[in-house]
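Hello,

Here is the structure I promised to pass on. Please have a look, and my notes follow below.

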Amino acid sequence: MIFEYYNPVKLWFGPGQLARVGEAARQYGNRALIVTSGSSARTGVLEKAIASLKAVGLDYAVYDKVRPNPLIAMVEEAANLALSRGCEVVIGIGGGSAMDTAKGAAFAAVNGGDFAEYFYGKPGTGALPIILVTTTAGTGSEGNSIAVFTNQANNDKKGLKSPYLYPKISIVDPEVFVTVPPRTIAAAGMDALFHAIEAYISQRHNFYSDMLALRAISLLAQYLPRVYAQPQD
């Protein structure tokens with residue numbers, strides 16, 4: 001078997017790691033764009049992230065208009081905000097839609113022009129540094145170089161893949177997950193399960209991906225019913 005494996009993302013995992021988002025962003029600039037949806041404000045996650053930025057002296061702007069199945073228009077709007085405020089790093093907080101929009105905004109802010117052209121294959125030359133804070137399980141956006149968008153002009157939904165979309169640092173804080181309602185826990189948990197199964201049965205599987213997939217399936221079987229029954233656990 002011949003295969004290649006590459007993942008440059010630094011993963012900060014553990015209870016209380018959300019408080020380190022300022023430390024992470026500080027490595028890449030003095031002003032950050034936070035990309036998120038309204039749910040992070042309602043759950044208090046956004047407030048904690050902003051407090052962490054303030055604690056290390058970072059200025060910030062907030063784009064909180066992300067919706068499920070993000071549109072190219074949202075990406076361009078967030079990128080324009082980053083440019084107008086002189087942001088040097090982009091922080092995505094939320095589920096897959098927020099993290100993907102953050103990736104797209106970081107990419108669009110550097111490359112300029114019509115973002116749809118990159119959506120359909122035009123190569124980019126870089127992106128602003130990306131920090132991601134995931135608030136759900138299942139999408140995997142915090143660990144890959146892909147972002148999925150919908151072109152509002154024709155309702156075409158597809159993924160943008162680029163090495164520039166790898167986040168510099170991704171924060172996975174289990175304490176953030178206790179704000180997720182049981183319905184979302186179930187949906188996101190099944191998403192993670194299907195991703196693990198798909199990886200294991202893929203014709204492009206390898207020894208490394210098999211280890212991760214089997215371990216993920218085992219953990220989900222053991223803990224997903226438990227956390228669904230007791231979201232505060």
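Before the rest, some background. This is a predicted model, where local features need pLDDT of at least 70 and side-chain atom pairs count only at pLDDT 80 or more, while totals for chains, interfaces and linings use all residues. Residues are numbered from 1 along each chain as its sequence is written, and side-chain values use heavy atoms, leaving out hydrogens and water.

**Helices 4 and 5**

Helix 4 covers residues 72-84 and helix 5 covers residues 96-111; their axes lie 8 Å apart at an angle of about 55°. On the helix 4 side, the contact includes Met 74 and Leu 83, and on the helix 5 side Thr 101 and Gly 104 (contact means heavy atoms within 4.5 Å). By class, this contact has eight nonpolar, two polar and no charged residues.

**Helices 7 and 8**

Helix 7 (residues 182-201) packs with helix 8 (residues 207-229) at about 160°, with 9 Å between the axes. That makes helix 7 roughly antiparallel to helix 8. Here the crossing is left-handed. Among the residues that meet are Arg 183 and Tyr 200 in helix 7, and Asp 210 and Tyr 228 in helix 8. The classes in this contact are 18 nonpolar, one polar and two charged residues.

Best wishes

Definitions and conventions. Axes fitted to C-alpha atoms, helices over the stretch in contact; angles between N-to-C directions. Helix = DSSP H or I, 4+ residues; strand = E, 2+ residues; numbered from the N terminus. Parallel < 35°, antiparallel > 145°, perpendicular 65-115°, else oblique. Left-handed = near helix turned anticlockwise from the far one by under 90°. Nonpolar A, V, L, I, M, F, W, Y, C, P; charged D, E, K, R; others polar.
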